[in-house]
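Open the structure in your viewer and keep the selection tool at hand. Each stop below says what to select and what is there.

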Amino acid sequence: LEGTDKVIHFLMYFVMALMICWCARIQMRLVHYLGIILFCSIYGFIMEILQLTLTCGDRTFSWGDTTANIAGAVTLLAVRHISFRRNT
């Protein structure tokens, strides 16, 4: 199905950011949110480069995948921030 790959990338990084937040168990500040977004962005970018360079040509680098990765992490953090603001 067209676009399924992007949804999967979005969900994987949504869950990655969720697990990082769960493991941290701290009250998040802006610097923590930015750090998680930066980590997920760099990790996703490196994974795209590695799949381009370490596979036998059947995988390619995709800016769309990278964007979906970042969007997943940012969405989780936005939802988390909004939900915590409503609870306080």
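Select Lys6 to begin. Lys6 is partly exposed, with a relative accessible area of 33%; buried means under 20%, exposed over 50% and partly exposed in between, with a 1.4 Å probe and protein chains only. This is a predicted model, in which local features need pLDDT of at least 70 and side-chain atom pairs count only at pLDDT 80 or more, while totals for chains, interfaces and linings use all residues. Residues are numbered from 1 along each chain as its sequence is written, and side-chain values use heavy atoms, leaving out hydrogens and water.

Lys6 forms a salt bridge with Asp5, and their closest N and O atoms are 3.4 Å apart. A salt bridge here is a side-chain nitrogen of Lys or Arg within 4 Å of a carboxyl oxygen of Asp or Glu. Asp5 is partly exposed, at a relative accessible area of 37%.

Now select Asp65. Its salt bridge is with Lys6, with 2.8 Å between the closest N and O atoms. This pair links distant parts of the chain, 59 residues apart: Asp65 is in helix α3 and Lys6 in helix α1 (residues 4-24). Is Asp65 buried or exposed? Asp65 is buried, with a relative accessible area of 5%. Shared partners join Asp5, Lys6 and Asp65 into one network of salt bridges. The whole structure has two salt bridges.

Next, select residues 30-54, which form helix α2. Helices are DSSP runs of H or I with at least four residues, and strands are runs of E with at least two, numbered from the N terminus. Helix α2 has 25 residues and reaches 35 Å from its first C-alpha to its last, close to the 36 Å expected at 1.5 Å a residue; that expected span is 1.5 Å times one less than the number of residues. Buried residues in α2 include Tyr33, Ile36, Cys40 and Gly44. An α-helix has 3.6 residues a turn, so residues three or four places apart point the same way.

Move on to Phe84, in helix α3 (residues 63-87). Phe84 is partly exposed, with a relative accessible area of 44%. Select Phe39 as well: the C-alpha atoms of Phe84 and Phe39 are separated by 22 Å, and the two are 45 residues apart along the chain.

Finally, show the whole chain. How many helices and strands does the chain have? There are three helices and zero strands. The C-alpha trace spans about 50 × 25 × 20 Å along its principal axes. Of the 88 residues, 26% count as buried.
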